Amino acid sequence: MKRNLLHRLTLLLPAAVLPALMTHAGTPDLFGRLDSLVLDGHTIAVWDTTDTIPYLERGERLTEKDYIEVAEELGVDVAAIKAVVEIEAGKSHRGFWSPGKPLINFDLSMYRQFAKRNNLNLATARKRSPVIFNRPNDRKYGSRQAAQQARLDAAMAIDERTAVQGTFWGMFQIGGFNWKKCGADSISQFVELMSRSERDQLELFVNFLRSTGLDKHLREHNWAAFARGYNGPSYASRGYHTRLASAYRRYSAQ
C-alpha cells in the first residue's frame, strides 16, 4: 500500500521535493499514524483512517491533460470520452463519492446471477447479511452511495469475487465481471485501481474498449453500436445512444 502511494506521488510531485518525501516515507508506520503528509507547507496526501486507500488531493481528479493524452492514445476526440462519463457518472464527472471510495452501483440482479455461477448459497448469504438484499437505505446511511457501499461491504465479507462481479464501478460504471477485459491481473487489483484515482479508472476504461473493440465505435461516433456493446441490448429503450450523441454535440461545441 505504501509503495502504491509513493508511486502515485512521484508521478505528481516535482523532483525537488522527492528527497523530502522519501525522508517522511522512511518513518515507520507514517501513513498509519498521520492524517496528512505535508511538504513545503502544502498538503500532499490525506489519509482517511476509515478507509484502506489513501486519497490524493493532487491526482484523484482527471485533468484536461489526462483526457487529451488518453484521447490521442485511443484515436478518439476528448468530447467522445466526456460524453461517456456524463452518461455513466453524471455531469459532475466524478469517479468517487468519498475519499478512496469509487462511485458504485451494487446490482442485486447481477449479484444473484454471479452467486449462482460461483456456487454461493444465496439463502445463507441473506440470513447472514440481509442488508445485501434490501433496498438501499439512504436515510440510515446518509446517502445513496453510502447505502450502496454498505451492501457491497456486506457482500464482500461473504465472497469478494461475487460482490465485485455484481457491482458497477467508477466514473465509467464498468461491471466488475469485466475485470480481465480491463487489463487487471486479478479482481483485487481491479478494485485497487478503481479505488486509487480517476486516471486509473480512465485507463481501465481504455483497456476495456480495446479488448472489446468498442473503441472503433467511439472513434466513429457510432453511438448505437457503442451503446449496444457498452450498455447492453436494452440500450435503445433507455435512450443511451441518443443521450450519448447529445452529450457529444454539447462537448464538441465547447
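Buried, in what I say today, means under 20% relative accessible area. The model is a predicted one.

I will start with helix α12. Its 15 residues reach 21 Å from first C-alpha to last, close to the 21 Å expected at 1.5 Å a residue. At the start of the helix, a side-chain oxygen of S197 comes to within 3.4 Å of the backbone nitrogen of R199. Just after the helix, G213 has a positive phi of about 80°. Buried residues in α12 include E198, R199, D200 and Q201.

D200 forms a salt bridge with R196, at 3.1 Å from N to O, and both D200 and R196 are buried. R199 meets D66 in another salt bridge, at 2.7 Å. R199 counts as buried because its relative accessibility is 15%, and D66 counts as buried because its value is 12%. D66 and R199 also belong to a network of salt bridges with E69 and E203.

In total there are eleven salt bridges. One of them joins E86 and R250, at 2.2 Å. E86 is in helix α5 and R250 in helix α15, so this bridge ties together parts 164 residues apart in sequence. E86 is buried, at 11%, whereas R250 is partly exposed, at 35%.

Last, the largest pocket. Its volume is about 580 Å³. Of its 23 lining residues, F168, Q173, Y230, N231 and Y240 are the closest to the centre. Elements giving two or more residues to the lining include α5 and α12, while α14 gives the most, with three. The lining divides into nine nonpolar, ten polar and four charged residues.

Methods. Residues are numbered from 1 along each chain as its sequence is written. This is a predicted model: local features need pLDDT of at least 70, side-chain atom pairs count only at pLDDT 80 or more; totals for chains, interfaces and linings use all residues. Side-chain values use heavy atoms; hydrogens and water are left out. On a 1 Å grid over the protein atoms alone, a cavity is a set of points where a 1.4 Å probe fits but cannot get out, and a pocket is an open set with protein on both sides within 12 Å along at least five of seven lines; lining residues have an atom within 4 Å of a point. Grid points are joined across faces, edges and corners, and a volume is the space filled by probe spheres set on the points. Helices (H or I, at least four residues) and strands (E, at least two) are DSSP runs, numbered from the N terminus. Ala, Val, Leu, Ile, Met, Phe, Trp, Tyr, Cys and Pro count as nonpolar, Asp, Glu, Lys and Arg as charged, and the others, Gly among them, as polar. The expected span of a helix is 1.5 Å times one less than its number of residues. Buried means under 20% relative accessible area, exposed over 50%, partly exposed in between (1.4 Å probe, protein chains only). A polar contact is a pair of N or O atoms within 3.5 Å; within protein, one must be able to donate a hydrogen and the other to accept it, and residues adjacent in sequence count only if both atoms are side-chain atoms. A salt bridge is a side-chain nitrogen of Lys or Arg within 4 Å of a carboxyl oxygen of Asp or Glu.
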